[in-house]
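Subject: Structure for you to look at, with notes

Dear colleague,

Below I am passing on the structure that I promised you, and after it come my notes on what was found. Please read the two side by side.

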Amino acid sequence: YWKEMEERDDIDEDLSVVKRKFTLNPTTAYLYPIQQWLGIIINALRITKNIVIWEESYLSFWFAVTSFILSVLSLFVPWSLLVKWTMRITVYVFFGPWMKLVDIYYYQINESEESERENKLKSERQEYLADQILQAQLLRENNTKLRDFKQYMFGEHITKVNIMKKDRFRDKPLPESSAVVYKPEIKSLGS
């Protein structure tokens, strides 16, 4: 079961990552998933910081406008009445006396029906897992083909371009920096 789950989850959309199956480092099995989660958290925090300090000005603007509109609209909502009646209706619907009838008619199952239902669920789970493994294999193959084709087409010029600003440090050019037009050497096939 665990091997099948590993096969299903062994997919990586990022074309620059090469997965290694064997390592001599004994802590990799424990620390690598934590490092992956920490990387996601750090990127989210960096993006949030850039939105808050208005480095991502478009997103910051839309967050500010949305917050302002919601704050103005929430002034006119009668919150005490809304919360009181929502709680009353929720308690009455989910904890009322008819829940005993729901228990009797909905959750009462025979022993034969129980084993039949378990067998049906087991077979459905196996079919679903087999389909997931097949889909994972196809996705893995397509990602490998795409990575190889991009490597063939673009060679060493492949790089990941971030849509959001995730840089650790702010990159501000110095006042004395400058730019010049790039004029590459003309290479001919004949000489």
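From the N terminus on, the elements of the protein chain run α-α-α-α-α-α, so that the chain holds six helices and zero strands, where helices (H or I, at least four residues) and strands (E, at least two) are DSSP runs numbered from the N terminus. Please keep in mind that this is a predicted model, in which local features need pLDDT of at least 70 and side-chain atom pairs count only at pLDDT 80 or more, while totals for chains, interfaces and linings use all residues. Residues are numbered from 1 along each chain as its sequence is written, and side-chain values use heavy atoms, with hydrogens and water left out.

For the chain as a whole, 7% of the 191 residues count as buried; buried means under 20% relative accessible area, exposed over 50%, and partly exposed in between, with a 1.4 Å probe and protein chains only. The chain exposes about 18400 Å², of which carbon and sulfur atoms supply 63%, and these areas come from the Shrake-Rupley method with a 1.4 Å probe, where for residues only the protein chains shown count as cover. Taking contact to mean heavy atoms within 4.5 Å, residues 24 or more positions apart account for 70% of the contacts with a separation of 6 or more.

Helix 2 has 25 residues, which at 1.5 Å a residue should span 36 Å, and its end C-alpha atoms are 35 Å apart, which agrees; the expected span is 1.5 Å times one less than the number of residues. In this helix Ile47, Asn50 and Ile51 are buried, and what covers the buried residues of helix 2 includes helix 3. An α-helix has 3.6 residues a turn, so residues three or four places apart point the same way. Asn50 counts as buried because its relative accessibility is 6%, and, leaving aside neighbours within four places in sequence, Asn50 is in contact with Glu55, Glu56, Ser60, Lys165 and Lys166.

Trp54 lies in the loop between helix 2 (28–52) and helix 3 (57–74), and has a positive phi of about 65° although it is not a glycine. With a relative accessibility of 46%, Trp54 counts as partly exposed, and, not counting residues up to four places away in sequence, Trp54 touches Ser60, Phe61 and Ala64.

Further along, Phe169 lies in the segment after helix 6 (111–154) and counts as exposed because its relative accessibility is 63%. The C-alpha atoms of Phe169 and Arg46 are separated by 9.6 Å, although these residues are 123 residues apart along the chain.

Finally, a word on charge pairs. Side chains of opposite charge can pair when their charged atoms come close. If a salt bridge is taken as a side-chain nitrogen of Lys or Arg within 4 Å of a carboxyl oxygen of Asp or Glu, the count comes to one salt bridge, in which the side chains of Arg147 and Asp148 meet at 3.9 Å, N to O. Arg147 counts as partly exposed at 29% relative accessibility, and Asp148 likewise counts as partly exposed, at 43%.
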